[in-house]
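Hi,

Here is the structure I promised to hand over. Please open it first, then read my notes below.

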Number of protein chains: 4
Amino acid sequence: MSGNSFGVIFKVTTFGESHGAALGAVIDGVPAGLGVDRAFLAREMARRRPGQSQLATARRESDAVEILSGVRDDVTLGTPITLLIRNADQHSADYAALEEVFRPGHADYGYFCKYGVRDARGGGRASGRETCARVAAGAVAKMFLRTLGVNITAFAAEIGGVRAETVDVSEIERNPARSPDAEAAVKMAEVAAAAAAAGDSVGGVVECRISGVPAGWGEPVFDKLDARLAYAMLGLGAVKGIEFGDGFAAAGRRGSENNDPMSPGFTFASNHAGGILGGISTGNEIVFRLAVKPTPSVSLPQNTVDQAGNVRQIRVTGRHDPCVVPRIVPVVEAMAALTLADFALMQRCAKL
Amino acid sequence: MSGNSFGVIFKVTTFGESHGAALGAVIDGVPAGLGVDRAFLAREMARRRPGQSQLATARRESDAVEILSGVRDDVTLGTPITLLIRNADQHSADYAALEEVFRPGHADYGYFCKYGVRDARGGGRASGRETCARVAAGAVAKMFLRTLGVNITAFAAEIGGVRAETVDVSEIERNPARSPDAEAAVKMAEVAAAAAAAGDSVGGVVECRISGVPAGWGEPVFDKLDARLAYAMLGLGAVKGIEFGDGFAAAGRRGSENNDPMSPGFTFASNHAGGILGGISTGNEIVFRLAVKPTPSVSLPQNTVDQAGNVRQIRVTGRHDPCVVPRIVPVVEAMAALTLADFALMQRCAKL
Amino acid sequence: MSGNSFGVIFKVTTFGESHGAALGAVIDGVPAGLGVDRAFLAREMARRRPGQSQLATARRESDAVEILSGVRDDVTLGTPITLLIRNADQHSADYAALEEVFRPGHADYGYFCKYGVRDARGGGRASGRETCARVAAGAVAKMFLRTLGVNITAFAAEIGGVRAETVDVSEIERNPARSPDAEAAVKMAEVAAAAAAAGDSVGGVVECRISGVPAGWGEPVFDKLDARLAYAMLGLGAVKGIEFGDGFAAAGRRGSENNDPMSPGFTFASNHAGGILGGISTGNEIVFRLAVKPTPSVSLPQNTVDQAGNVRQIRVTGRHDPCVVPRIVPVVEAMAALTLADFALMQRCAKL
Amino acid sequence: MSGNSFGVIFKVTTFGESHGAALGAVIDGVPAGLGVDRAFLAREMARRRPGQSQLATARRESDAVEILSGVRDDVTLGTPITLLIRNADQHSADYAALEEVFRPGHADYGYFCKYGVRDARGGGRASGRETCARVAAGAVAKMFLRTLGVNITAFAAEIGGVRAETVDVSEIERNPARSPDAEAAVKMAEVAAAAAAAGDSVGGVVECRISGVPAGWGEPVFDKLDARLAYAMLGLGAVKGIEFGDGFAAAGRRGSENNDPMSPGFTFASNHAGGILGGISTGNEIVFRLAVKPTPSVSLPQNTVDQAGNVRQIRVTGRHDPCVVPRIVPVVEAMAALTLADFALMQRCAKL
């Protein structure tokens, strides 16, 4: 669970730079005997793939996943599963002008201070492209969770100030905003397009709902289920906040209002807690929401400095998403799946 | 970084139940040669100690910390530092009635499902009392960070809907609310008292500001600095959300507004990002805010069920904080200190 | 599994210096619902305790273990179990003369170079006394393994050149050498006594046999069962070598001789491999042997240097075992138990 | 440090089956700014490659390493370095007959019991071919250690009962046995050839010597330097034992003989300890020896059982090394390099 690895038992390590040869993931700890659904893996990759709509970058990547190890005859062997995605459509020339400049809102300066060297092309390791390896690994985690009845659904709850007022899960994949509200989806696309036309970008909110998790998953005291989900989600560069259940709204409530009373059958009359109490799942639906910042790469002119500290004005002219929300939705699901797969296995060790 | 341990190099393991013999922490990875300031340790413990005001539980604990290992003549040896806090004022009888009942808003049901057994007295391991071990360990982390010029300050930004409108850091420890706004502090105490009088409780928001962190701390891709801080903070049972910098407000902004332009001297004209970009510190002040839920233990009657699934009505009559915000402030600082101490050491390994 | 922690799921962290306030262990990951046998714990501690015979140091320690957390009504809660052993009989004055001198055969110089500071009293953290925490933790691991039918027996196979020619397990605890051969035990005691009389010490070989481990425990590729056992055993300062099954003798054999043929019932006609192949248990008895060096603390005069690099002659006059083999036997069992308990839990996650 | 990952800071994860698409390694934690010497990497791979002499299998593999990430313009970026080696010369048909049979001396039965499924072709993940990923990763570790002046040399100390009587390091790579004694090398090749002609195999002893490690590397108490080296070496399927310095011979010595006296300049008059005391390096040369078992794959007929438990007689007719010692030499060096690189970085965190 450090650096480029995630998880304790179901453990994924990702690698790759945006404009390097390839990206990928090694997943250690996948139980043996799990069926591998290659069509599902391809569908998950397609959901994250760029170039699908006006909300997303025009970079064209096939994002085909080659399974290098750990699987034979579409069944997992218990050994590490390696997923490889070759980079294809690299317009590194777009970034030549940026080699010496720190882009506002990006990790450029931090990486430079950290390592002394950096791969500025496309953001290198800090690029959103890195998340394709997470989606691939997350697809395997979903295959495992499916055997346990766990289902994860994320969607755009808000884009550019436009909120989804209703939640129709079947609607999500039908519109480019990944909004569960078809009407809101149209407006979301409009505000994103308007921002793009102005050389700018918009942010939004992603909501994630997870059903089928039994009561009892999560570890005291540091590895609380919500702590690990927060760790997973803030591990996405565009995410600036997370709240579970009523979240920040709960800060203004009284205890008697905020508690979720239990009923016979060990069910709950409400779900202010978002399905987690004291870091342990309650059996209620797990619900969290993420603040997604507007894409920092905008073509409007911005002031910054270069490595020598000189003032520079730049326009970031590569291919970028005017709003990252729709494409981050499958990544959020993937990270949730990786987290839950780990806890599902840890729970096997909780009792005598 | 799993279960009851936190950190990769500067690594703390905590132990103890609310009504067991003792609580404590073992810290592995503290550099040798660090001076141990016992007076400071005692002051930090005092900040978290219950029974100090009407906002806090009346449980009386001296919370004296015995250092069992790793220190000789007030200098660290490089070996594990063990900090022991004996439990004294246990009113376990208060909990006898709760042994078979699941308190609303608590981890009781989750623990029962997880382990099949539980120590219901005072919440057992899920009690807020567990955090005294974190504060003790955090004090050591602060001693280390002090040598690096890192300073951490948390405070009550909001209690029961009352917000601090100004931030005067020198004010924080002068009022029982730990508000940086003396006027707001008075109102915060009033709303908390009113809730307590009604057998109820209130929530709030804690803000934390960290200065002195140089650019370059944080690890790609999963161990982002904000990801690990989020993991640290959501590891507190009362915390239901976190946001960095503008957080959820950034979701409604455009990229050109949200980016923080860099100026000569590698400074920033604004700090919408909260001092972290792409998971790496920028050298700007680190700022985050936490949603703290109202204390679930309220003396108003609540509906729930017992272990057999029968409907029960309970009043939680133990000694509880009407608002946990003031006492969680030093805990938030402690967790931030533990996180940053770990990253400070990891950064020693980043470059050739 | 780094520094002062051992294990992945069943994870123990030990702490304490020889002449500090206390030593102890925190065990995280013990399954909930395990019965805690306090009498057994006390017996295990007694087996390692000094002052029991002429082969062992005269230091008198009660080595009473206080259970601080994780257990209620003698049943494990699933939370960390903390075991505390106070130091009592500290003759720190014995070590005053050694504060500035590096004892031959000890870790003194290495610790000084590593940390720049050290606690020279009794070897500090490098003292064999540290192992009492391991025995306490190992006793809990044994309680868990007992529920799985796993049994661990170590004994003195050789002391001061005297070998046990027969293995009668019931004999081991009946003689101070912990030899499984009563006749050899007498001679072992004699050679140790003779060395002690000469101000010297002797080494030996410990053998460990483990029954009841089913086929399939161990993890490819780095966490092989034998790799982790070797890691556990070489983690004892006095151990300079380990061999599994025929070990170094196998180096001189041909493949056709060294292979253990399988028979119906998945049994083996021989056990040259010592019960582990490719790092995975075969179901056969696990057998390994350890080279234990002679105690480096001898009262004969020895040449060395002090911290300033000046030549010094010393006689180590503290209380020391003339042969560490008998007292290391329960420590070896404890480390084997901690290792196997971890693999037993990991195996729960191997298959769908 | 669990399963398929090795190391705490300098951390390598390997993947791949013998007859799968590829093998490889991801190395996380390599300091940024390290020059990557591709010619050296190729040479190291060539040392392990099969088909080089009569002592080795005839399997033909180019073992070309593709660097997929973490390096730009031959300088490390601080991000994970991925090394990919495609499998080429798979004679899976050789193994068709073995799919249902457990080969004596192999991990087949253990894997089957562990996972319920297995890839029997070439041993799958348990194949010695897996070590090519370790050699690739180890080459990077060596590049790092070179900057610190650490040098690692392993060689065949014994093959088929023939011992190297002299150690001329310059001789090692000049003979197919990797013997440091040219005369012994001839005899070693003869005994291996004789065994091969008889459809059999021989074992041997590998010795490893490491110079340039300063005093102070290693971590108390579980992560002793020798403990981690033992863990690294026993993680090789063919290794059945390890001893440091005088090892098992020390068991027969007295303390006064076995201690290494220190002299001015903090040097040692002898090196019975093999350069490590109490788990910490002393500055003396690190020396250890490994028991390598004879290759279990022999073409002589052997009795065994199949998955159904039926008696079977098999001849293992794939391409196998009559003696694995020469080819394991570079693997031993690689594992030593990975271990030491990790400790070199950990030592950066030891002092204030």
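**The sheet in chain A**

In chain A, 5 strands make an open sheet, in the order E1-E2-E3-E7-E4, with antiparallel pairing. Two strands pair if DSSP finds at least two bridges between them. Strands (E, at least two residues) and helices (H or I, at least four) are DSSP runs, numbered from the N terminus. Strand E1 (5–6) and strand E4 (66–69) of chain A are the edge strands, and each pairs on one side only.

This is a predicted model: local features need pLDDT of at least 70, side-chain atom pairs count only at pLDDT 80 or more, and totals for chains, interfaces and linings use all residues. Residues are numbered from 1 along each chain as its sequence is written, chains are lettered from A and ligands numbered from 1 in the order in which they are written, and side-chain values use heavy atoms, leaving out hydrogens and water.

Now look inside the sheet. Strands E3 (residues 22–28) and E7 (residues 81–86) of chain A pair in the antiparallel sense over 6 bridges. Ala22(A) has Arg86(A) in E7(A) as its bridge partner.

**Two helices in chain D**

H1 (residues 38–48) and H4 (residues 131–146) of chain D pack at about 140°, with axes 9 Å apart. Axes are lines fitted to C-alpha atoms, for helices over the stretch in contact, and angles run from 0 to 180 degrees between N-to-C directions. H1(D) and H4(D) are therefore oblique to each other. Angles under 35 degrees count as roughly parallel, over 145 as roughly antiparallel, 65 to 115 as roughly perpendicular and the rest as oblique.

Best wishes
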